[in-house]
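Please read this note beside the displayed model.

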Amino acid sequence: MGDDHTELPHAELTVDGPVATLTLNRPDQMNLVTHQMIDEILAAFDATDADPEIRAVIVTGAGKAFCGGADVSALARAGDRGGDAAPLRPVEMTPDGVRRDLAGVITLRIFESLKPVIAAVNGVAAGFGATMILPMDIRLASTDARFGFVFTRRGIIPDGASTWFLPRLVGPARAVDWLMSGRVFPAAEAQTAGLVRDLHDPDDLLGVARAVAEEVAAAAAPVSVTLTRRLVWSQLGTAHPMDTHRLESRILNCQRTSPDLSEGVHAFLEKRSPAFPARVPADLPDLFPWEDPRS
């Protein structure tokens, strides 16, 4: 997943059975984000989406940090003269001609993942590293982890669409506290607020994340998981529950003839584990995705 200018990937994807693990891989630099890392993260999610055998993705960091933020010096060098940190993909622009925030490119790509994403936050997650975990489905953290939406302390506003994601996860009052102050807070506070599901000893964190991923892979229908994760986020802004009811009805009508439904019922009645035949992305219904396309 690296390029010709570097010996090691900055974000390394490994696959073990139905579970893929994406490791941010600059441990000596607190896994600070470079253009190369951004390109490799995007490529990794393209790969996991396309592989029907992958059922879940874990994201973690190498070494003692999850991600300390953007490598400002490397990004600046790349912008000035190219080199080993230069972007491999074209610069993305909004429809009105504004250069897109790179953290937002990452968070929206994770938001659009066809496979469930589990964060295993093994250490500090600040700036880019803090916003990156927001669209992930399950967030687990080490007891050593710390979090910081430090943007105002750097003279900028929060990035990564965090002002959209974070209030939906922890409520607007807590989100404003963290985003406006820019303070770094411990894992226990993140858990209490609901940013992370639970905390684990550093040596146990990846094993727990793997167990969570394997449970989803073994027990849940892949197509149903993909549709469910998108439903939860996409329906947060609907004006009335009837809007969601109508969409769910459309999806359920599509699934009435699905082999997954037959298998799920028979497995339940026969008291055995299901073997769902439908795969992602090939067997997603034609109505997916149902949101208005955005760029």
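The points below treat the sheets, a helix pair, a cavity and some backbone details in turn.

1. Basis of the note. The model is predicted, so to speak of a local feature requires pLDDT of at least 70, side-chain atom pairs count only at pLDDT 80 or more, and totals for chains, interfaces and linings use all residues. Residues are numbered from 1 along each chain as its sequence is written, and side-chain values use heavy atoms, with hydrogens and water left out.

2. Six strands form an open sheet with mixed pairing, in the order 1-2-3-4-6-9. Strands are DSSP runs of E with at least two residues, helices are runs of H or I with at least four, and both are numbered from the N terminus; two strands pair if DSSP finds at least two bridges between them. Strand 1 (11–16) and strand 9 (198–200) stand at the edges with a single partner strand each, so one side of each has no neighbour in the sheet. From one strand to the next, the twist averages 20°.

3. Pairing within that sheet. Strands of a sheet pair through backbone hydrogen bonds, either parallel or antiparallel. Six bridges join strand 1 and strand 2 (residues 19–24) in the antiparallel sense, and Thr14 has Thr21 of strand 2 as its bridge partner. These two strands form a hairpin with two residues between them, and Gly17 in the turn has a positive phi of about 65°. Strand 4 (residues 117–121) and strand 6 (residues 138–142), by contrast, pair in the parallel sense over four bridges; Ile118 has Ile138 of strand 6 as its bridge partner.

4. Another open sheet has the order 5-7-8 and mixed pairing. Its edge strands, strand 5 (125–126) and strand 8 (184–186), each pair on one side only. Strand 7 (residues 146–148) runs antiparallel to strand 8, with three bridges between them, and Arg146 has Pro186 of strand 8 as its bridge partner.

5. A helix pair. How do helix 9 and helix 10 run relative to each other? Their axes come within 12 Å and cross at roughly 175°, where axes are lines fitted to C-alpha atoms, for helices over the stretch in contact, and angles run from 0 to 180 degrees between N-to-C directions. Helix 9 and helix 10 are therefore roughly antiparallel, a term for angles over 145 degrees. The contact (heavy atoms within 4.5 Å) involves Ser224, Leu227 and Leu231 of helix 9 and Leu247, Glu248, Ile251 and Gln255 of helix 10.

6. A cavity. The structure holds two cavities of 30 Å³ or more. A cavity is a set of points on a 1 Å grid over the protein atoms alone where a 1.4 Å probe fits but cannot get out, and lining residues have an atom within 4 Å of a point. The second largest cavity has about 60 Å³ of space, and its lining includes Arg55, Lys115 and Val280. Helix 9 gives the largest share of this lining, three residues.

7. Backbone details. The peptide bond from Val280 to Pro281 is cis, with omega near 15°, and Pro281 lies in the segment after helix 11 (259–269). Phe288 and Pro289 are also joined by a cis peptide bond, with omega about -5°. Ala161, a residue other than glycine, has a positive phi near 55°; Ala161 is placed in the loop between strand 7 and helix 5 (162–170).

Note on methods. 1 Å grid on protein atoms, 1.4 Å probe; cavity = no way out; pocket = protein on both sides within 12 Å on 5 of 7 lines; lining within 4 Å. Points joined across faces, edges and corners; volume = space filled by probe spheres on them. Parallel < 35°, antiparallel > 145°, perpendicular 65-115°, else oblique.
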